[in-house]
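Work through the following exercises with the sequence and the structure at hand. A worked solution follows each task.

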Amino acid sequence: MEDVALKNRTTVAKLSWQPRSHDPHLHKWLHRIDVPTLLIWGDHDRLFPKEHALAYQRLIPGAKLVIVPKCGHVPQIEKPDAFVAALESFIGAPPPYPPPHAGKGREGARKTA
Amino acid sequence: MKFFNFHLMPYAQVDLEAIARNGSAWVTFPNSHYDPEKGAELYHDYLDQMEFADQLGFDGVCLNEHHQTAYGMMPVPGVLAGALSRSVKRAKIAILGRALPLVNNPLVIAEEYAMLDNLTRGRLIAGFVRGIGAEYHASGVNPAHSQERFAEAHDLIVRAWTEPGPFAYAGKHYQFRYVNPWPRPYQTPHPPIWIPSQGSGSTIRWAARMRYTYCQTLSPIAAVARFFRLYRDEAEKAGYEASPDQLAWSNTIYVGETDKKAVHEARPHLEALVNYLLKMPAEMLLPPGYTDTASMKRVRAVKVTGKIQSIEELIASGVVIVGGPETVREKLAEYQDLAGFNTSLTKTQFGTLPNEMARANMTAIAEEILPHFRERAPQPASRQAAE
């Protein structure tokens, strides 16, 4: 297990040591996004706290933001119902069949934009 | 045995409590704690000590390289080697940097070393290191590329020194249309190459195969003996017998009037070195990818940086030798026989040790220790008995 962890760390370093895990020039380009945009972010993301989500929303014209409560860095895995609900609502598509926990998921998602 | 005066050039005027509050003297320790007037004073004291070592009969002086730290004020050791090249008249000058992977153009190191070799008329010893983990935070160089960059930079520098230029070089990390450095080294084919390491197996085996002098940094003597045995075994596999001259132990020696006085005098300064100046969080010492998985696991298991160490522990484990002249002679002879080295890289100033005490220590070592070891080589019989 330690081997896997160390190998993962090495790969992360290879990909993101410097600049550290981000593109420092990205903020200059986000304004060029001209398609409808939805940001889905975990309320308790400790890798990239939700302040990042607010910054993205500010920089991408017309972007919508859904903050998923009690959720960390990976909403699609941690809170799939809330994630799917937010996505469906954004694309305006009714689900092809009622998902088993749809109600719970929809209540879990909170729209801020 | 040959003796080198090995200086780390610590910022000895540092506020130790501020280091404790910050958790480390490295990388994140604010440089507002550096006072240039005090620093300038220290640089001159330390350079004077190196010149003094030359006058006292040390065989060489050693500089090293670390970045963004109060532990040592030598981010660019070539500057100090240049300053010493005309005032150290006889002794060799060893740079136990330079950290090859940290530069984007290794030819500057080929040039710098060649210049120093010319200035000293062939008294330069060229150290090649990867730098400790903290340097990868200080330089931004990717630690996961460290080993590749070291290997490639080493090959490039040696080729630049030995193959007639200009030639083209195309590596993975470094590319040059023209490799043709002026000046060429003074020594033929090039300055002796020394490889300091914390004890990585792959580094020891490589140094042995290349017949480079291997320098073991700050370690208990039992570990030093193990690492040096690995070197000798690897040399045998490569078809030659390693000379004890190829093995250098980096140590700290303090000689006082008596054992008791020596320990009393050295204690605060040595403990400042190991418990304040050396301390760093594990992720700083071992950034991801810095070394292979096996070595990483071994070092992580030891948890080297956390322990508070007393001078008694450092003496007992044979990391340092502190005592009256007789004790120091006995221990050094015992360790030389045990580990089989013939070069002692000795820190005579360490931690917060003030100038006058460092100079007194150097004088005591030159008078009480050096003459007894000049002609002394390791006695293999007692080593084999110990093994």
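**Exercise 1.** At roughly what angle do the axes of helix α3 (residues 77–84) of chain B and helix α4 (residues 107–119) of chain B cross?

The model is predicted: local features need pLDDT of at least 70, side-chain atom pairs count only at pLDDT 80 or more, and totals for chains, interfaces and linings use all residues. Residues are numbered from 1 along each chain as its sequence is written, while chains are lettered from A and ligands numbered from 1 in the order in which they are written.

Step 1. Helices (H or I, at least four residues) are DSSP runs, numbered from the N terminus. Axes are lines fitted to C-alpha atoms, for helices over the stretch in contact, and angles run from 0 to 180 degrees between N-to-C directions.

Step 2. The two axes come within 10 Å and cross at roughly 10°. Therefore α3(B) is roughly parallel to α4(B) (angles under 35 degrees count as such).

Step 3. Gly78(B), Ala81(B) and Gly82(B) of α3(B) meet Glu112(B), Leu116(B) and Leu119(B) of α4(B); contact requires C-beta atoms, placed from the backbone, within 7 Å.

**Exercise 2.** Find which residues touch the most other members of the largest nonpolar core.

Step 1. Such a core joins buried Ala, Val, Leu, Ile, Met, Phe, Trp, Tyr and Cys residues through C-beta atoms within 7 Å; buried means 20 or more other C-beta atoms within 10 Å of the residue's own.

Step 2. Among the 115 residues, they are Ala25(B), Val61(B), Tyr214(B), Tyr231(B) and Ala339(B).

Step 3. Helix α9 (residues 259–277) of chain B gives the most to this core, eight residues.

**Exercise 3.** How many residues does each chain bring to the contact between chain A and chain B?

Chain B brings 10 residues and chain A 11 residues.

Key
Contact = placed C-beta atoms within 7 Å. Buried ≥ 20, exposed ≤ 12 C-beta atoms within 10 Å, placed from the backbone. Helix = DSSP H or I, 4+ residues; strand = E, 2+ residues; numbered from the N terminus. Parallel < 35°, antiparallel > 145°, perpendicular 65-115°, else oblique.
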